[in-house]
Amino acid sequence: MIGGGVTEYVVLLIYLVAMIGIGVYWAKHTKTSEDYLLGGRRIGAFLTALTLQTTSMSGYMFMGGPAQSYRDGYFTLWYAVGDGGGAIFNVGILGKRMRRLTYFLGCLSPIEYIEKRYPGKATRIIAAIIAIAFVYGYVLAQFLSAGKTMCALLGVPLPVAIVIGAGVIIFYTFAGGYLAVAWTDFVQGILMVCSMVIIFVLAWSQVDGLTGLNEGLRAVDPTLVGMWGKGNIYMGQWGVVAGAIGVYLIGYMGLPHVVIRHMAMEKPSLAKRTVVIATVWNQLFIFVPYIIGLMGILMLPDIGDPEMVVLTMAYELLPVVLAAIVLVAIMSAIMSTADAQLMLMGTMLGRDIYQRYINKDATDKQLMNVSRICILLVGVVSVIIALIQPPGVFQLVVFSFATLGSSFLPSYVGAVWTKWGNTTGCYASMIVGCITSIVWEAAGLAPITGMHTFFIGIIVSIAAYCIGSAIGKPPTEEMKEMIDRAGCKIKIPAGLATANYKDIAPETNGVLTFLKDSSYMEERGFQPV
């Protein structure tokens with residue numbers, strides 16, 4: 001136990017009450033299913049950027065990442081290298097185009113988007129099974145992280161801690177929907193960056209900077225400062241390195257609970273500001289947890305559970321009140337991902353299963369209620385499973401991340417960047433990518449072959465998408481036109497572009513001026529004049 005004092009109880013209580021309050025507030029302002037599932041598509045650039053990144057990071061960055069760095073040394077920084085550019089790829093490639101196409105298609109979930117872009121009887125079933133199964137793995141990892149953090153913070157048994165931490169997440173997600181998730185992510189993102197940077201600065205001085213850190217690591221084991229992992233376990237395995245970089249560099253584009261953020265943006269033009277904000281946030285946050293894990297090798301050589309490195313350092317370096325705030329920040333990281341995944345599970349089960357297969361005529365209110373019930377049920381079952389303690393946070397997150405990315409990335413990217421990508425390609429990519437990742441992980445083939453699970457998974461998935469699309473039926477002309485509009489390739493009608501304002505009525509003049517000078521037409525897929 002690290003905490004357990006009155007201070008920790010008070011700080012945590014204030015934080016949890018605040019999160020519940022946000023959920024209650026947005027529950028009162030959520031009127032339609034679009035409000036509940038996508039925040040009414042009115043999420044601004046700053047909020048989109050923070051909810052994108054906090055959703056991506058999770059308790060992994062406070063627990064799993066530092067722990068793996070503690071075990072493997074500098075090798076783990078390959079994950080950070082890729083993650084540092086993840087926002088640029090994710091928002092830059094998918095942001096505008098996906099926001100436009102999902103709006104044109106009237107989609108409220110990433111699975112519905114897959115089905116409408118790649119129409120077929122089995123599209124939604126295959127996509128939903130994969131997404132639900134592996135997003136669930138993510139949820140379990142977050143609940144386990146929440147339990148460990150609460151256990152350290154309050155000194156309560158782990159099962160009780162899991163129930164308390166998960167209970168708050170379930171409540172505000174259940175009550176407020178997407179808007180509650182987005183605004184809690186905003187608060188949590190700020191807490192995450194500030195707390196991690198403070199620990200990093202203080203620990204940096206303790207190990208005498210980079211020189212002291214490297215000298216100390218060499219004294220423990222010279223291979224810790226090498227690029228191949230402790231004991232050179234990954235020596236010459238460039239496929240493992242490529243996978244470690246790629247899993248977070250491009251993998252986000254295959255995560256349903258992340259790409260849904262593009263769908264909720266207020267307008268496509270916000271993508272540019274979003275990518276700048278998200279990238280700056282990344283550089284402040286991404287590398288720090290892994291380096292703290294390295295410093296933990298010197299500062300905490302006898303720690304029993306490496307996943308507790310950051311928590312233990314907080315209490316060794318900070319006054320109790322600040323340490324408690326840091327631990328609350330760790331809870332924030334966990335909650336910011338768990339709530340997004342619970343929200344996605346509710347969306348998929350409500351919109352993609354219930355409304356699609358059980359009650360096609362479900363009203364808006366029925367859809368919201370069913371989504372809420374699904375969030376509650378998924379949360380309760382996840383708590384029960386988390387109590388038996390599945391594998392560590394790092395293993396669960398990386399495996400789930402790699403499998404989701406391998407299954408969906410080619411279809412998400414191909415949906416808006418190719419007019420030849422079709423249903424056959426989508427089927428092949430999802431099935432082959434998923435099976436490859438599962439087999440690779442289950443058989444432990446990564447260290448044997450030198451190929452990271454994500455690296456091999458994404459290669460075969462892309463190949464399957466291309467081959468399947470080459471032999472399948474091409475998309476309809478209507479769909480091809482929508483894809484062009486998503487890429488803003490449709491020219492503004494000649495009459496509008498060349499209108500002589502002197503020859504038209506003043507009222508029409510004003511409308512045309514608005515259309516040409518504003519972003520109205522561009523938001524709808526037409527090239528600006």
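**Figure 1. Thr312 in a predicted model.** Thr312 is buried, with a relative accessible area of 17%, a value that falls under the 20% limit for buried residues. The structure shown here and in the other views is a predicted model. Thr312 belongs to helix 15, which covers residues 309–317. Its side chain reaches the backbone oxygen of Met308 at 2.8 Å.

Figure 2. Leaving out residues up to four places away in sequence, Phe408 touches Ile111, Ala127, Ile130, Ala131, Gly254, Pro256 and Met430.

Figure 3. Pro256 lies in helix 12, residues 256–264. Pro256 is buried, its relative accessible area being 0%. Apart from neighbours within four places in sequence, the residues in contact with Pro256 are Pro110, Ala131, Leu344, Leu404, Phe408 and Tyr412. Ala340 is 84 residues from Pro256 along the chain, and 9.9 Å separates their C-alpha atoms.

Figure 4. Gly23 is part of helix 1 (residues 6–28) and is buried at 0% relative accessible area. When residues up to four places away in sequence are not counted, Gly23 touches Tyr172, Ala175, Gly176 and Ala180.

Figure 5. Helix 7 (residues 110–117) is mostly covered, with seven of its eight residues buried. The buried residues are Pro110, Ile111, Glu112, Tyr113, Ile114, Glu115 and Arg117. Lys116 counts as partly exposed because its relative accessibility is 31%. Glu112 is buried, at 4% relative accessible area. Glu115 forms a salt bridge with Arg124, with an N to O distance of 2.5 Å. Both partners in this pair are buried: Glu115 has a relative accessible area of 8%, and Arg124 has one of 4%. Side chains of opposite charge can pair when their charged atoms come close.

Figure 6. The structure holds four salt bridges, and one of them is shown here. The closest N and O atoms of Glu477 and Lys480 are 3.6 Å apart. Both residues lie in helix 22 (residues 477–486), and because they are three residues apart there, about one helical turn separates them. Glu477 counts as exposed at 59% relative accessibility, whereas Lys480, at 22%, counts as partly exposed.

**Figure 7. A nonpolar patch on the surface.** The patch is formed by Leu376, Val380, Val381, Ile384, Ile385 and Ile388. Together these residues have about 510 Å² of accessible area. Ile384 is found in helix 17, which runs over residues 364–386. With a relative accessibility of 51%, Ile384 counts as exposed, since the limit for that class is over 50%.

Definitions and conventions. Residues numbered from 1 in each chain as written. Predicted model: local features only at pLDDT ≥ 70, side-chain atom pairs only at ≥ 80, totals over all residues. Heavy atoms only, no water. Contact = heavy atoms within 4.5 Å. Patch = residues over 30% accessible without salt bridge, like charges linked within 9 Å, V, L, I, M, F, W, Y side chains within 5 Å. Areas by Shrake-Rupley, 256 points an atom, 1.4 Å probe, with all protein chains shown as cover. Salt bridge = Lys/Arg side-chain N within 4 Å of Asp/Glu carboxyl O. Helix = DSSP H or I, 4+ residues; strand = E, 2+ residues; numbered from the N terminus. Buried < 20%, exposed > 50% of the residue type's maximum accessible area, 1.4 Å probe, protein only. Polar contact = N/O pair within 3.5 Å; in protein donor to acceptor, adjacent residues only side chain to side chain.
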